[in-house]
Amino acid sequence: MKKVFTIISLLVLVIAIIVITKTVLNKPVIEAKAVQLAPLPTGAIEHLSEAITMATETPNDLFQYDSAVFFSYRKFIEKNYPLIHQKLNRTIIDSFHYIYEWKGTDTEMLPMVLMAHYDVVPVETSAVKLWHAKPYGGEVKENYIWGRGVLDDKSSMISILEATEAQLREGFVPKQSIFLCFGADEESNGRGAAAMVKYFQSKKQRFDLVVDEGGEISTEDNKNITQPVASIGVGEKGYVTLVLSVQRAGGHSSIPEKSSAIGILSKALHTIEENQIPTRLTPSIKAYLERISSYNNNFIEKMQLSNLWLFEKLVLKNMTKNRSTNALVRTTLVPTVVNSGVRDNVIPTNASAFVNSRILPGESPKSVKEYVEKLVNDTNVKVSIYPNYETMPSSSTEINSPAFKRVETAIHSIVKDVVVAPMLMVGATDSRNYRSISDGVINFTPLTDAKGYHGIDERLLISDYIKCFNYYTVLIKGSK
Ligand SMILES: [Zn+2]
């Protein structure tokens with residue numbers, strides 16, 4: 001008995017030594033580079049401000065663009081970026097999506113893509129009075145540019161154009177060809193990006209780097225880290241909506257059966273909510289945690305993150321406490337629409353619901369459906385996949401890839417003491433289409449704690465605009 005106790009004590013001691021050593025040795029490697037930001041070119045603020053005044057609201061599913069607005073946006077681009085229109089080849093895809101090709105001197109090199117979208121989500125009429133600026137006023141005040149679309153995603157598009165025009169003015173000639181791709185329907189159906197990728201596929205064109213919106217800089221998300229954290233999106237979750245339907249005889253509400261369609265469906269939805277798909281760490285989230293762990297000021301948290309081999313379960317449990325981090329470690333399931341009933345005295349024959357799911361890499365729409373069927377385990381509940389909208393989780397760009405490293409270096413050159421880490425994107429962007437023609441798709445824009453996406457008071461810090469301009473400039477110059 002004494003021997004067993006001694007062995008266990010020794011084992012605990014060895015584990016404790018390993019854990020503490022790993023924690024103490026996990027030191028941050030800050031790439032302290034001098035950060036020198038070039039000022040915005042003359043007129044850059046006015047240009048972005050004017051871009052906001054054009055309400056390029058995203059078309060609905062029937063391709064219904066407000067053509068007048070979209071045409072004036074094109075005129076505005078042509079007028080303000082003359083060198084781009086002189087020296088780059090423009091291809092127009094399906095009326096309002098634009099591809100600009102800036103030919104490099106080395107035709108052997110795979111080109112890169114800088115992409116953005118310029119459609120915006122509509123402003124709710126009832127929300128206008130809550131804004132502190134006119135949503136389409138393009139106002140510049142309190143160090144911000146205000147308005148719908150200024151973050152998502154006109155700041156990217158206009159910064160790309162400003163950076164390109166500035167380099168053309170300086171006579172810069174890239175070695176690697178650069179494509180600028182601007183979509184006009186990212187916020188609705190994303191057909192533009194799909195059509196542009198089809199165009200590239202028809203030319204057998206591949207890319208070594210594709211940069212799109214997505215990850216950003218946060219100084220607020222990690223309360224135990226003092227440095228800003230730049231999260232580079234390297235992959236996207238998948239998407240599926242399940243349809244749950246129950247059919248019963250129904251009838252007069254005065255003589256109900258023991259169970260109704262609504263009751264059966266409710267029970268199924270409750271079961272789903274209470275029994276979510278188990279959590280796990282995907283490679284990109286594991287890499288994210290490993291990267292940020294050394295900067296953590298809280299010893300206990302740092303110890304857990306530095307020793308995932310021992311504390312993975314605990315870390316996962318902690319991540320589920322916050323809805324943003326919960327979404328990073330599991331395939332989510334949430335009911336979004338419920339339909340049933342016509343009158344208060346009629347027992348309905350049908351009850352149906354949509355359950356939306358965002359899928360972690362390694363799972364699929366099919367596996368999500370199977371999980372739900374098995375969980376609900378009721379032959380009265382039919383589970384099917386809502387057609388045409390499901391997508392597989394995307395592949396992930398490697399952290400050791402040249403694409404990741406190039407963007408990482410660019411971020412270090414514009415943000416002081418920044419911690420750069422890979423991130424899984426929980427939403428979808430246009431760039432998912434490009435994964436079929438590039439192994440280097442990266443989602444990142446250097447916006448800091450940006451607020452107002454799709455909501456009220458969407459506004460861009462002018463200092464972030466400067467960062468965006470410099471970020472794209474560094475990427476363009478890196479093509480030499
Ligand atoms: Zn966007």
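**Group meeting: a walk through a predicted model**

Buried residues make up 41% of the 480 residues in this chain. Before I go on, please keep in mind that this is a predicted model.

Let me start with the overall picture. The chain has 14 helices and 17 strands. Along the principal axes, its C-alpha atoms fill a box of roughly 75 × 75 × 50 Å. How does the radius of gyration fit with a compact globule? For 480 residues, such a globule would have a radius near 23 Å, and the chain has 26 Å, which agrees. Now the contacts. Taking those with a separation of 6 or more, 80% are between residues 24 or more positions apart.

Which strands does E7 pair with? I will take three of them, E3, E16 and E8. Strand E3, residues 112-117, runs parallel to E7 and is joined to it by 3 bridges. Within that pairing, Met 112 has Leu 209 as its bridge partner in E7. Strand E16, residues 441-448, also pairs with E7 in the parallel sense, over 5 bridges. There, Gly 215 stands opposite Phe 444 of E16. Strand E8, residues 229-236, runs antiparallel to E7, with 2 bridges joining them. In this case Ser 218 stands opposite Val 229 of E8. As a general point, side chains in a regular strand alternate between the two faces of the sheet.

Now to another sheet. This one is open, has 4 strands with antiparallel pairing, and its order is E11-E13-E9-E14. E11 and strand E13, residues 350-359, run antiparallel and are joined by 8 bridges. As an example, Leu 333 has Ser 357 in E13 as its bridge partner.

Two helices lie across strands of this sheet. Helix H7 lies across E9, E11, E13 and E14, and runs at about 15° to E13. Helix H12 lies across E9, E13 and E14, running at about 175° to E14.

How do these two helices meet? In general, two packed helices are described by the angle between their axes and the distance between the axes. The axes of H7 (residues 261-274) and H12 (residues 365-376) come within 10 Å and cross at roughly 115°. That crossing of H7 and H12 is right-handed. On the H7 side we have Ala 268, Thr 271 and Ile 272, which meet Val 372, Leu 375 and Val 376 of H12. By class, the H7 and H12 contact has 5 nonpolar residues, 1 polar and no charged ones.

Asp 94 is found between strand E1 (89-93) and strand E2 (97-102). Is Asp 94 buried or partly exposed? There are 15 other C-beta atoms within 10 Å, so Asp 94 is partly exposed. Setting aside neighbours within four places in sequence, Asp 94 is in contact with Gly 192 and Ala 195. Asp 94 and Ala 195 are 101 residues apart in sequence, while their C-alpha atoms are 7.9 Å apart in space.

Methods:
Residues are numbered from 1 along each chain as its sequence is written. This is a predicted model: local features need pLDDT of at least 70, side-chain atom pairs count only at pLDDT 80 or more; totals for chains, interfaces and linings use all residues. Axes are lines fitted to C-alpha atoms, for helices over the stretch in contact, and angles run from 0 to 180 degrees between N-to-C directions. A crossing is left-handed if the near helix is turned anticlockwise from the far one by less than a right angle, and right-handed if clockwise. Two residues are in contact if their C-beta atoms, placed from the backbone, lie within 7 Å. Ala, Val, Leu, Ile, Met, Phe, Trp, Tyr, Cys and Pro count as nonpolar, Asp, Glu, Lys and Arg as charged, and the others, Gly among them, as polar. The radius of gyration is taken over C-alpha atoms; the globule rule is 2.2 Å times the number of residues to the power 0.38. A residue is buried if 20 or more other C-beta atoms lie within 10 Å of its own, exposed if 12 or fewer, and partly exposed in between; C-beta atoms are placed from the backbone. Two strands pair if DSSP finds at least two bridges between them.
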